[in-house]
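Please go through this note with the model open beside you.

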Amino acid sequence: MSSRRDPDAPDGGFEVITAANPSPYTLAGTNTYLIGRSGETVVIDPGPEDPSHVARVLDRAGASGRRVALILVSHGHSDHLGAADRLGRATGALVRKWGEGAHPLRDEELLPADGGGVRVFYTPGHAQDHVVFYWVGPAVLFSGDLLLGTGTVQVTPPGGSMRDYLHSLERVAALSVSLIAPGHGPVIRDPRTRIAEYLAHRRERERQVLEALAAGSRSVPDLADAIYPGLDPRLRRAAEGTLLAHLEKLVAEGRARRVGGHFAPA
């Protein structure tokens, strides 16, 4: 587990504490962010249910005499949400997330914070309850699992939707962003390029799916074999889930159809 201040972040920077939960899905671990320097701090994505991670967050806030005033959660997956209750009890801070709790987050709501506040944008796709947080003054986007520091995002039905995911990427592409602080991996310093790469990658994957279906009816495992040769077995479930999300999008658009447990061109 590591704690660091990003020296190149605008407006004095922010702090990131990476939880000790590395995996092929979480990369080095889940990033918890602290923003604000005027006696109060906002915590974004408290991380997994790990007492040592919560202790590190409290230590970093306390080291500079700040009080944790608000806890924000990008989505309900356990590697982002798990520590929320523990951190909330320790600090008395309100935990806010999409669709749950006494004070659920609202789309485009502006939350108080140093640097002009933090605006909420609803960005489903990776998860139905996914939001991102836009730190207005420094123009930093805390992207949760919408975009990662390296690699691509898993989108798996039924909780994930490729149609929603692409719409969410297009939504954040319209923002003026100086940096993206992702839920996993390093800071993204060329946001416009990375978002464009993500959109292009998904469009290329869709083209590959349609090309594979043109040969005839295929199952999801068959498609995974064709499209992901040499795939790390640990990523097989994610690959098949994301292919299913692409297929469901194509079916909804009338460009593919289900044939029993297989898919075929429309």
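1. Start at the bridge between Tyr134 and its partner in S10, Leu141. Phe133 also faces S10, standing opposite Phe142. Three bridges join S9 to strand S10 (residues 140-144), and the two run antiparallel. Strands pair here if DSSP finds at least two bridges between them. Strands are DSSP runs (E, at least two residues) and helices likewise (H or I, at least four), numbered from the N terminus. S9 and S10 make a hairpin with four residues between them. In that turn, Ala139 has a positive phi of about 60°.

2. This is a predicted model: local features need pLDDT of at least 70, side-chain atom pairs count only at pLDDT 80 or more, and totals for chains, interfaces and linings use all residues. Residues are numbered from 1 along each chain as its sequence is written, and side-chain values use heavy atoms, with hydrogens and water left out.

3. On confidence, pLDDT (the predictor's confidence in each residue, from 0 to 100) averages 93 over the protein. Of the residues, 95% score at least 70. Residues 1-12 stay under 50. The model still gives them 40 contacts beyond four places in sequence, a contact being heavy atoms within 4.5 Å. Where pLDDT is low, the predicted coordinates should not be read in detail.

4. The open sheet has five strands in the order S7-S8-S9-S10-S11, with mixed pairing. Its edge strands are S7 (110-111) and S11 (179-182), each pairing on one side only.

5. The largest nonpolar core has 23 residues. Such a core is a set of buried Ala, Val, Leu, Ile, Met, Phe, Trp, Tyr and Cys residues joined through side-chain atoms within 4.5 Å. Leu141, Leu147, Tyr165, Leu169 and Val172 touch the most other members. Strand S9 (131-135), helix H4 (162-173) and helix H5 (191-213) each give two or more residues. H4 gives the most, with five. Leu169 touches Leu146, Leu147, Ile195, Tyr198 and Leu199, not counting residues up to four places away in sequence. Apart from this core lies another, of 20 residues, including Val16 and Ile35.

6. Look also at Thr30, in the loop between strand S2 (15-18) and strand S3 (31-35). Thr30 counts as buried because its relative accessibility is 0%. A polar atom of its side chain lies 3.1 Å from the backbone oxygen of Asp79. Beyond four places in sequence, Thr30 touches residues including Ile17, Asn21, Pro48, His80 and His184.

7. Which residues of helix H6 (residues 220-227) are buried? Val220, Leu223, Ala224 and Ile227 are. They lie on the same side of H6, because they cover an arc of only 100° around the axis, taken from the directions from the helix axis to the C-beta atoms. The buried residues of H6 pack against H5, helix H7 (236-252) and strand S13 (262-265).

Conventions. Buried means under 20% relative accessible area, exposed over 50%, partly exposed in between (1.4 Å probe, protein chains only). A polar contact is a pair of N or O atoms within 3.5 Å; within protein, one must be able to donate a hydrogen and the other to accept it, and residues adjacent in sequence count only if both atoms are side-chain atoms.
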